[in-house]
Amino acid sequence: MAINFLYPDYEVVRDQTKCIACRVCERQCANGVHMLDETLNLMKSDDAKCVNCHRCVSLCPTRALKIVKTDHTFKENANWTGETIKEVYRQAATGGVLLSSMGNPKPYPVYWDKLLINASQVTNPSIDPLREPMETRVYLGKKPGAIQRDQNGEIICNLTPQLELDVPVMFSAMSYGSISYNAHESLARAARALNTLYNTGEGGLHEDFYEYSANTIVQVASGRFGVHKDYLNAGAAIEIKMGQGAKPGIGGHLPGQKIVGDVSRTRMIPEGSDAISPAPHHDIYSIEDLRQLVYSLKEATDYQKPVIVKIAAVHNVAAIASGVARSGADIIAIDGFRGGTGAAPTRIRDNVGIPIELALASVDQRLRDEGIRNNVSIVVGGSIRNSADVVKAVALGADAVYIATGALLALGCHLCRSCQAGKCNWGIATQEPELVKRLNPDIGSERLVNLIHAWQHEIKEMMGGMGINSIEALKGNRLMLRGIGLNEKELGILGVKYAGE
Amino acid sequence: MNINAAGMHFKELNEQIKTAGREIVVDNCMGQRYIGSGLAGKSIVINGTPGNALGAYLDGSTILVHGNAQDATGDTMNDGAIYIAGSSGDATGYAMRGGKIFVNGDVGYRAGIHMKEYKEKSPVLVIGGAAGSFLGEYQAGGTIIVLGLEHTKPVGNFCGMGMHGGRIYLRCSVPPKGLPRQITVEKASEEDMETIETYVKEFCEIFGRRECMIMNSDFYVLRPDSKNPYRQLYTQN
């Protein structure tokens with residue numbers, strides 16, 4: 001047998017004085033880490049199988065368990081880190097492309113953390129959101145350039161369809177297949193309760209969720225999975241997925257093992273077949289071609305639905321967004337390189353794309369410079385982690401944000417980054433019925449609602465502090481931001497002054 | 001109802017088609033896009049040349065074109081039938097989920113790519129002439145038949161790249177060279193020939209061809225040897 005060069009990343013530490021050998025950990029772990037040694041009546045564990053998802057830790061009735069990062073180490077080397085060495089071992093053993101999940105974990109700069117928010121002092125009053133009205137509602141869609149009147153002077157309504165959100169936070173695309181039925185139900189119910197929207201991703205829409213139509217964005221991607229007339233009409237908006245922040249320039253690939261039962265039917269491919277989304281849409285090689293898909297969708301839905309075009313934040317994002325804004329799209333969604341994924345090649349996830357903060361600032365500026373900013377709304381994601389990120393994104397020019405990793409955390413995800421294995425112990429990124437039922441949509445949707453309500457309160461507090469009572473007045477208001485620890489070039493792209501200026 | 005499409009914008013034309021009765025004839029069609037997008041329960045005859053995305057998301061209508069069609073005919077179509085008396089452009093039948101497309105002449109690149117099927121719902125694309133390169137790329141289901149009439153070669157290069165479901169029937173005496181490794185090529189079985197004959201019969205009825213002249217040839221069938229063509233490529237990290 002070949003020597004296994006890989007030492008486990010995590011160690012399961014069990015306090016045998018607390019452990020009562022109740023075997024809860026064993027039943028809860030889909031990875032098969034825990035087992036009972038019946039002769040000794042002692043629980044044992046196989047560290048190599050542990051993904052550090054904390055399911056056993058959270059459910060252990062005596063708190064006998066914890067997971068620690070191993071202190072086993074390679075000889076220290078700043079260039080060849082332990083992680084880099086292990087990746088070489090993995091590829092040398094298998095010849096495969098490294099596959100990871102969730103967002104880019106590398107220590108690139110997080111510009112949100114280098115931006116500071118303003119507050120009023122003395123010269124203009126701050127507003128107390130507990131007592132005074134504070135507007136966080138936004139409308140997404142194309143805004144007309146001028147008011148039109150008929151011969152009697154009455155206003156002609158030339159407003160194209162808009163999405164109304166009570167809070168500028170939506171749940172971004174995660175397909176049924178990459179996440180579970182119960183995860184989708186939680187998102188759909190929360191979106192309805194919050195008067196915002198969730199996004200089907202590219203796996204089609206389970207018929208049980210058609211009732212959440214008013215709070216649903218249906219996605220059309222290169223694989224066209226689950227796309228048909230009723231599906232298009234089941235959405236409040238249609239999103240064309242051109243790219244994803246975690247894997248710009250490449251397609252998707254849902255392994256056959258996740259194509260079971262309803263997932264197979266919803267995507268319309270046989271059970272066990274891989275679901276392959278090609279890298280490009282093969283009918284889109286230009287902005288003119290994109291326009292064609294935008295209008296074929298509008299024709300199919302009688303111009304009743306705003307069309308969103310989602311692109312990944314890449315080097316020429318401003319020029320690309322300018323083209324998208326002229327394609328007939330109503331909303332541009334931009335996904336930054338820290339955005340999550342159910343599975344992406346590690347090298348792509350960690351090395352391709354640019355930070356959303358810089359992409360957003362340059363797109364907003366470019367569209368303003370070209371006088372077409374009102375052609376489209378801008379939605380950004382990848383990654384928005386908290387309400388301060390939302391406020392900063394709006395001040396940089398976003399109309400609304402997309403969250404997904406944050407939403408999954410609310411559902412119980414522990415960011416173990418093993419979604420691609422399909423054995424999510426929290427019932428989120430799995431299709432195994434025994435695991436899926438661990439996620440209770442009653443509790444899941446309530447936790448999502450709690451999270452967004454909490455963020456909404458915080459957004460109002462920050463707006464009030466700035467003396468702003470409508471989030472529309474914050475949009476693109478970069479004077480409300482100052483940079484810290486940034487160089488001239490970064491400040492220039494972000495369009496913000498340095499703290500103290 | 002007859003609609004004279006001369007000089008008409010696609011939006012106007014498509015609105016008229018949507019509000020018209022069941023039977024519609026479009027005359028002087030000249031490049032108007034999205035005709036029949038998502039339509040159900042209509043019968044449309046088009047005289048002239050419809051533009052891109054003819055019958056996209058079609059949901060159970062019949063479209064007959066006396067002329068050529070352009071790109072993305074029947075994109076993501078769900079049900080119904082499209083008959084093209086001339087040729088059809090690139091990406092004909094892209095991601096079809098159901099229904100039938102019959103093209104009397106040739107089709108461009110990437111016809112039938114990403115076609116799907118689920119149980120009894122299985123789309124069919126029949127091409128009388130030849131297909132360009134990348135026919136049936138990423139094909140996940142459904143049936144493609146290429147008759148290669150008046151051609152020496154039924155398909156271009158890279159036929160069936162990434163194919164992982166469905167079947168492609170080619171009418172030829174020798175199968176094309178250079179097919180991707182994950183494709184198995186066999187002479188059509190008796191059962192296959194029955195399927196082919198059903199659709200060839202329909203093809204001949206529509207376009208006035210003689211069935212005996214078409215069935216009087218060998219047919220080869222291309223099938224993927226795996227439902228998971230890329231599984232080996234990845235290693236968990």
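1. At what angle do the axes of helix H8 (residues 317-325) of chain A and helix H10 (residues 356-369) of chain A cross? In this predicted model, the two axes cross at roughly 50° and come within 8 Å. H8(A) and H10(A) are therefore oblique to each other, and H8(A) passes H10(A) in a right-handed crossing.

2. The residues behind this helix contact can be named. H8(A) contributes A:Val317, A:Ala318, A:Ala321, A:Ser322 and A:Ala325. From H10(A) come A:Ala359, A:Ser362, A:Val363, A:Arg366 and A:Leu367. By class, the residues of the contact of H8(A) with H10(A) comprise seven nonpolar, two polar and one charged.

3. The contact between the chains follows. Chain B supplies 41 residues and chain A supplies 37 residues. On the side of chain B that touches chain A, the elements giving two or more residues are strand S8 (140-146) and strand S12 (234-236) of chain B. Of the elements, S12(B) gives the most to that side, with three residues. The side of chain B that touches chain A holds 16 nonpolar, 16 polar and nine charged residues.

4. S12(B) also takes part in strand pairing across the two chains. Three bridges link S12(B) to strand S5 (residues 97-100) of chain A, and the pairing is in the parallel sense. Within this pairing, A:Leu98 stands opposite B:Thr235.

5. Chain B contains an open sheet of eleven strands with mixed pairing. The strand order is S1-S2-S3-S4-S5-S6-S7-S8-S9-S11-S10. Strand S1 (2-4) and strand S10 (183-187) of chain B lie at the edges; each has a single partner strand, so one side of each has no neighbour in the sheet. On average, and with direction ignored, neighbouring strands of this sheet are turned by 15° against each other.

6. Strand S4 (residues 59-66) and strand S5 (residues 79-84) of chain B run parallel and are joined by six bridges. Here B:Thr62 stands opposite B:Ala81 in S5(B). Helix H2 (residues 190-207) of chain B packs on the sheet. The strands that H2 of chain B touches are S5, strand S6 (100-103), strand S7 (124-127), S8, strand S9 (165-171) and strand S11 (219-224) of chain B. The direction of this helix makes about 115° with that of S11(B).

7. Which residues does UniProt list for "binding site" in chain A? One group in the unreviewed entry is A:Cys29, A:Cys50, A:Cys53 and A:Cys56. These four are spread over 28 residues of sequence but cluster in space, with a largest C-alpha distance of 10.3 Å. A:Cys50 lies in the loop between strand S3 (42-45) and helix H2 (55-59) of chain A.

8. The unreviewed UniProt entry also places the feature "binding site" at A:Cys19, A:Cys22, A:Cys25 and A:Cys60. A:Cys19 is located in the loop between strand S1 (10-14) and helix H1 (24-28) of chain A.

9. Across residues 9-171 of chain B, the model has 6% helix and 31% strand. The end C-alpha atoms of this stretch are 40 Å apart.

Note on methods. Residues numbered from 1 in each chain as written. Chains lettered and ligands numbered in written order. Predicted model: local features only at pLDDT ≥ 70, side-chain atom pairs only at ≥ 80, totals over all residues. Contact = placed C-beta atoms within 7 Å. Helix = DSSP H or I, 4+ residues; strand = E, 2+ residues; numbered from the N terminus. Nonpolar A, V, L, I, M, F, W, Y, C, P; charged D, E, K, R; others polar. Pairing = 2+ DSSP bridges. Axes fitted to C-alpha atoms, helices over the stretch in contact; angles between N-to-C directions. Parallel < 35°, antiparallel > 145°, perpendicular 65-115°, else oblique. Left-handed = near helix turned anticlockwise from the far one by under 90°. UniProt positions renumbered as here; feature names shortened; annotations may be inferred.
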